[in-house]
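Me: I want to learn how to read a few features of a model. Take me through them one at a time.

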Amino acid sequence: MRRGLPRYLAIAEALGEDVASAQLGPGVQLPTHRDLADRLGVTVGTVSRGYAEAARRGLIAGEVGRGTFVRAVAGGEPGVAAESDATGIVDLSINHPPPVGGAETAALQAMLATLSRRRDLAPLLAYSPDAGSRAHREAAAEWLDRGGHRVAADRIVVCNGSQHGLVALLSMLAREGDVVLAEELTYPGLKAIAGLLRLRLQGVAIDGEGIVPEALDEACRTSGARLLYCVPTIQNPTASVMSASRRAELAAIIRRHGLTAVEDDVHGRLAEGPPPPLAALVPESTYYVTSTSKTLAPGLRVGFVAAPPGMAERLAATVRVTTWGAAPLTTEVVAGWIRDGAAEAILGARREEAAARHALARETLAGLGAPTSAGAYHLWMTLPAPWRSATFAAEAHQRGVAVTAAEAFLVGRGEPPAAVRLCLGTPPTRADLLRGLRAVRQTLESRPETALAIV
């Protein structure tokens with residue numbers, strides 16, 4: 001350990017150096033507090049403080065009952081891509097929309113110019129109504145309708161992105177200790193919310209279409225859960241799209257067991273003609289969550305929740321408690337784009353670039369168990385034996401590409417599948433993406449190395 005520093009800080013510094021030098025890659029599991037304390041000859045409390053400091057710096061994350069792991073984005077703020085020009089690492093670990101040649105920037109410049117000529121800007125600088133202004137809710141209804149989900153504007157609540165919508169919903173629908181059902185591999189943001197609200201996630205078996213109906217039925221009977229979270233269209237991380245018949249089966253189970261469903265459809269408008277959402281099949285008990293982050297621009301932080309009839313006011317009250325309402329100015333930008341057609345143009349450009357990147361992935365990873373899903377910004381690659389997901393992620397990082405191991409998505413304490421998620425949108429150019437995909441192929445074709453550990 002480094003001399004001159006308190007021992008716990010020396011541990012955090014050593015972790016930071018190992019992550020920065022790629023000796024520890026994303027998804028690598030760290031020793032337990034006790035094991036590392038014995039190895040270094042320090043107290044367990046010292047290791048705990050060191051790990052806590054490393055977690056504060058965004059280097060690692062702990063999961064109750066599973067252990068401590070290196071974060072997918074090493075050394076940076078959560079959700080911010082690594083700078084490949086500085087580190088040499090191509091980041092395929094963060095699910096960002098692909099660049100589209102400045103289409104969204106040009107649209108923003110045009111919208112700001114339009115706003116600058118308006119005389120009624122004061123409402124955009126004031127607190128918004130709890131559920132959003134009437135005009136913004138109507139624009140949201142139009143956006144959902146274009147995607148095949150017709151909902152009355154008075155059922156829609158505007159949020160600061162879908163993550164905010166999920167926090168508000170789970171705060172409203174669940175209490176500490178409640179069981180929430182979710183796909184056994186799920187969106188890591190849901191796991192973070194569950195930890196924050198002290199909810200108990202229970203995984204439900206999935207297959208190539210998503211949740212297995214028989215598994216959901218069994219979980220409802222045995223768990224006592226009354227709340228389900230799911231992503232039927234372009235699931236995260238598997239990119240699966242649930243068929244219409246499977247959705248009908250789930251809808252019947254939701255009704256039979258009196259479940260409340262939270263349907264996350266942030267990728268829905270990227271898919272080519274997906275079936276109607278669960279919310280259209282079970283509108284009386286499904287909250288439909290979407291966002292413009294994946295389709296238009298993540299920095300605007302605009303999301304929409306379509307509540308069951310009669311429930312929007314209650315949800316709006318929860319939104320008020322969390323943020324006093326969505327930001328009117330950025331919501332007006334999105335609403336303006338929806339009204340003038342810019343939103344459809346940006347969405348079309350995103351789809352086109354995603355298709356090109358999927359074609360590149362299909363060609364580069366041909367024969368390696370990495371099927372692509374039309375419209376998705378990510379793909380789910382299964383690994384042949386004897387690879388394990390965390391070992392593969394660490395080895396890939398050594399070869400210059402960051403991917404996300406299955407451990408990041410696993411609900412509960414089961415054995416994670418031998419698979420990794422590859423995100424195609426984050427690299428700034430297709431050439432950068434190609435370099436990352438080639439590194440993935442080279443890693444897969446090499447012999448698995450022993451998982452790295454702190455020494």
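Me: Is Asp207 buried, exposed or partly exposed, and what is the relative accessible area?

Reply: Buried means under 20% relative accessible area, exposed over 50%, partly exposed in between (1.4 Å probe, protein chains only). Asp207 is partly exposed, at 35%. The model is predicted: local features need pLDDT of at least 70, side-chain atom pairs pLDDT 80 or more, while totals for chains, interfaces and linings use all residues. Residues are numbered from 1 along each chain as its sequence is written, and side-chain values use heavy atoms, without hydrogens and water.

Me: Which residue forms a salt bridge with Asp207?

Reply: A salt bridge puts a side-chain nitrogen of Lys or Arg within 4 Å of a carboxyl oxygen of Asp or Glu. For Asp207 the partner is Arg246, with the closest N and O atoms 2.9 Å apart. Asp207 lies in strand β7 (206–207) and Arg246 in helix α10 (244–257), so the pair ties together parts 39 residues apart in sequence. Helices (H or I, at least four residues) and strands (E, at least two) are DSSP runs, numbered from the N terminus. Arg246 is buried, at 10%.

Me: Where do Asp432 and Arg435 lie?

Reply: Both are in helix α16 (430–444), three residues apart, about one turn. Asp432 is buried, at 17%; Arg435 is partly exposed, at 39%. Elsewhere, salt bridges with shared partners join Arg118, Asp120, Glu332 and Arg339 into one network.

Me: How many salt bridges does the structure hold?

Reply: The count is 21.
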